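Reader: I am new to this structure. Could you show me how to read it, one feature at a time?

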2 protein chains.
Amino acid sequence: MAQHFIVIIAGGKGERFWPQSRAKRPKHLLPIVGETPMLAQTLDRVRSIVPTKNTFVITSAVQEKAVREVCPKLPRENIIAEPVGRDTAPAVGLAAAIVGARDPEGVFAVLPADHVIHDADSYQRDLKAAFAAAEAEPVMATIGIEMTEPATGFGYIQRGEKWKSFERRPVYRVKRFVEKPTLEVAQRYLESGDYVWNAGMFVWSVPVVEAALEKHAPELDAGLQPIREALAKRRPLPAVLKKVYPTLTKISVDYALLEKSDNVVVLPSSFDWDDVGAWPAVARHFPKDTSGNVSRGLALIEDGANNIVYSDGKHLTAVVGADNLIVVHTPDATLVVPKSKAQEIKQLLKRIEALKGGAQWL
Amino acid sequence: MAQHFIVIIAGGKGERFWPQSRAKRPKHLLPIVGETPMLAQTLDRVRSIVPTKNTFVITSAVQEKAVREVCPKLPRENIIAEPVGRDTAPAVGLAAAIVGARDPEGVFAVLPADHVIHDADSYQRDLKAAFAAAEAEPVMATIGIEMTEPATGFGYIQRGEKWKSFERRPVYRVKRFVEKPTLEVAQRYLESGDYVWNAGMFVWSVPVVEAALEKHAPELDAGLQPIREALAKRRPLPAVLKKVYPTLTKISVDYALLEKSDNVVVLPSSFDWDDVGAWPAVARHFPKDTSGNVSRGLALIEDGANNIVYSDGKHLTAVVGADNLIVVHTPDATLVVPKSKAQEIKQLLKRIEALKGGAQWL
């Protein structure tokens, strides 16, 4: 029987939760929701699925040190740092190479590091079902998130006919992948009942991924060859990654492989899920006061409603007479932004980047 | 000829500019506007009027240390700390006693410590004219501020007929003092041209103040007697103040003396003046960016207008997508409040006071 593996993709630029998140410390390295970093929560959730030695984290060079601190139980060689970011297709190719070196028939899940999932039992059941599907047939099994609202911030997966069941969970053929829709289109998706959110959760075997790379992304496939050879010859990975990675095409796995494949299946999720994409989303996961305010640390809100106030350490952060604000204090930077303008943090970070010495705040 | 003295009343609770201002460090001890504390600016403005040895500062016990640091050139005994606050009438009585001990016929000005006045030349000319008036006749000379708007936050002085001129500045008899008016009433005052703002600037002689105390505030007058005796016998002031001050009536000099006296005159000001009563007022004294924002320190404002952002030290404070906010960062506390709600800081401070260990932030 093929071995099972889990590869957690822990990247991100640390922009949307600035100033708590930074380039070296993005969301998955922070306890944005909960008491431990999101990556640690993700590792906890999958611990019962595969042994630690079969669990990998792919991260970026700038985050490697912090990731190692968050994952002290993982074998050293199971944390792999990409020298440069190349989007998810090269990362999946790298994952297949690493898993393939352990077991050429290995089945592995690719999972994001920074999502909030409270119902771990249902999550584990769905993940086991996806593993069973990917082991039974040469498919790309995705776990799609059941829609709860007409969200415009996610890609969608349209399901086709029922294919099979695994662990009493139905699995459907995938009709198509669609990009982030308009609100109107998302509303139609919600009403149709045929669409689920693409959360970047995939389970597949090494041969299936390698066949797809060969067929749909031959250039990337060839680019990955030196990595496979280095792994086969047990040569240190960092040196070959440093040489090879910058030459790989920057492309998402959705676009490079999934959209082009006809063996994609989808298992609609039975667990709660939140990608907590930006500050306004954290309010969903914390107790609110009677005015709808969420606060963490030494925060005081006087005559204000629906604010989110984060204050680090022994610093007192007070909001008076204001509604719907996000106020985040950290030792070296403070942010004040209305919830409705949270997406403008990106413009702010461009300005900080342009400041002399601005990198210290990124 | 009688000697001239200046007594600066430097009190205040440090509430309205929280968290920059604190109980131990209210507005006059901060460079809220300008590069030096407001008290230092006040001392600089009067330096050409009387010698340093004739300049006094009356402050409170909790502020004494900081006041001494701001006034290193004043003789040690010229800084007097009230052990408890008793409003301005006891402070004026104390000032008369101290000045009287130096020169029983002395003429002295009582001036606030924390107003913004840019035109020092006109200020000095007006002050000299008031000194001349108080030296020529047994009057209580006030300097009233020419109205620029129908302000509802100040007391007013209604002037009567022209009395005399000093230093080519006209001085009027005072018809009456009035409390803070409604906007409608203030509008009428502005149209009438007969009213000036009461800025708490008085010039008078020791005999005039003592006669008024005797006549209009005999209890306070009697209460001050031990202080006069201690000064006459050159006994240390702090001990007697500690004993006497808590027994004095808490009352303003306007109410205790000026409103009841018929020898009050007013000299309408020829200088610019701003009491900078709270955060929204500071915007008047700083250069604005093209969107009307005022910032000090490491402040960044992205897509926002008419904000006031103060950031201490090397901390970066960023405001994104918000208008009309006041954001003040200090090492141990941060405040976010819309300009229109700045008066609610007082409620916040009550809540901080009620916190366990809250005094550290007051």
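Reader: What percentage of the 362 residues of chain A count as buried?

Author: Keep in mind that this is a predicted model. In chain A, 48% of the 362 residues count as buried.

Reader: How many helices and strands are there in chain A?

Author: Chain A has 11 helices and 15 strands. Its radius of gyration is 21 Å, close to the 21 Å from the globule rule for 362 residues, so chain A is as compact as a globular protein of that length. Along the principal axes, its C-alpha trace spans about 60 × 50 × 35 Å.

Reader: What share of the contacts in chain A with a separation of 6 or more comes from residues 24 or more positions apart?

Author: The share is 63%.

Reader: Now the core. Which residues have the most contacts inside the largest nonpolar core?

Author: The general idea comes first. In soluble globular proteins, nonpolar side chains tend to be buried together. Here the largest nonpolar core has 240 residues. Those with the most contacts inside it are Val7(A), Ala95(A), Ala141(A), Val7(B), Ala95(B) and Ala141(B). Take Val7(B): beyond its neighbours up to four places away in sequence, it touches residues including Phe56(B), Ile58(B), Ala95(B) and Phe108(B).

Reader: Where is Ile9(B)?

Author: Ile9(B) sits in strand E1 of chain B. It is buried, with 23 other C-beta atoms within 10 Å; the cut-off for that label is 20 or more. Leaving aside neighbours within four places in sequence, its contacts include Ile58(B), Thr88(B), Ala91(B) and Val110(B). Ile9(B) and Ala95(B) are 86 residues apart in sequence, yet their C-alpha atoms are 9.3 Å apart in space.

Reader: How do I read a strand? Which residues of E2(B) point one way, and which the other way?

Author: In a regular strand the side chains alternate between the two faces of the sheet. In E2(B), Thr55(B), Val57(B) and Thr59(B) point one way. Phe56(B), Ile58(B) and Ser60(B) point the other way. For strand E2 (residues 55-60) of chain B, 6 of the 6 residues are buried, so it is largely enclosed by the rest of the structure.

Reader: How many bridges join strand E1 of chain B to E2(B)?

Author: There are 5 bridges, and the two strands run parallel. One partner pair is Ile6(B) with Thr55(B) in E2(B).

Reader: Which residues are buried in helix H1 (residues 38-46) of chain A?

Author: They are Met38(A), Leu39(A), Gln41(A), Thr42(A), Leu43(A) and Arg45(A). The buried residues of H1(A) pack against several elements of chain A, among them strand E1 (4-10), strand E2 (55-60) and helix H4 (120-136).

Reader: How many residues of chain B are in contact with chain A?

Author: 29 residues of chain B are in contact with 29 residues of chain A. The largest share of the chain B side, 6 residues, comes from E15(B). By class, that side has 17 nonpolar, 6 polar and 6 charged residues.

Reader: In which sense do strand E15 of chain A and E13(B) pair, parallel or antiparallel?

Author: E15 (residues 333-338) of chain A and E13(B) pair in the parallel sense, over 4 bridges. Val336(A) has Val319(B) as its bridge partner in E13(B).

Reader: Last, the backbone. Which peptide bond of chain A is cis, with omega near 5°?

Author: Most residues other than glycine have a negative phi, and most peptide bonds are trans. The bond from Trp18(A) to Pro19(A) is cis, with omega near 5°. Pro19(A) lies in the loop between E1 and H1 of chain A. In chain B, a cis peptide bond joins Trp18(B) and Pro19(B), with omega about 5°.

Reader: What is the phi of Val276(A), and is this residue buried or exposed?

Author: Phi of Val276(A) is near 40°, a positive value in a residue other than glycine. With 21 C-beta neighbours inside 10 Å, Val276(A) counts as buried. Arg168(B), not a glycine, has a positive phi of about 60°. Arg168(B) lies in the loop between strand E6 (156-166) and strand E7 (169-178) of chain B. With 7 C-beta neighbours inside 10 Å, Arg168(B) counts as exposed.

Terms used
Residues numbered from 1 in each chain as written. Chains lettered and ligands numbered in written order. Predicted model: local features only at pLDDT ≥ 70, side-chain atom pairs only at ≥ 80, totals over all residues. Core = buried A, V, L, I, M, F, W, Y, C linked by C-beta atoms within 7 Å. Buried ≥ 20, exposed ≤ 12 C-beta atoms within 10 Å, placed from the backbone. Contact = placed C-beta atoms within 7 Å. Rg over C-alpha atoms; globule rule 2.2 N^0.38 Å. Nonpolar A, V, L, I, M, F, W, Y, C, P; charged D, E, K, R; others polar. Pairing = 2+ DSSP bridges.
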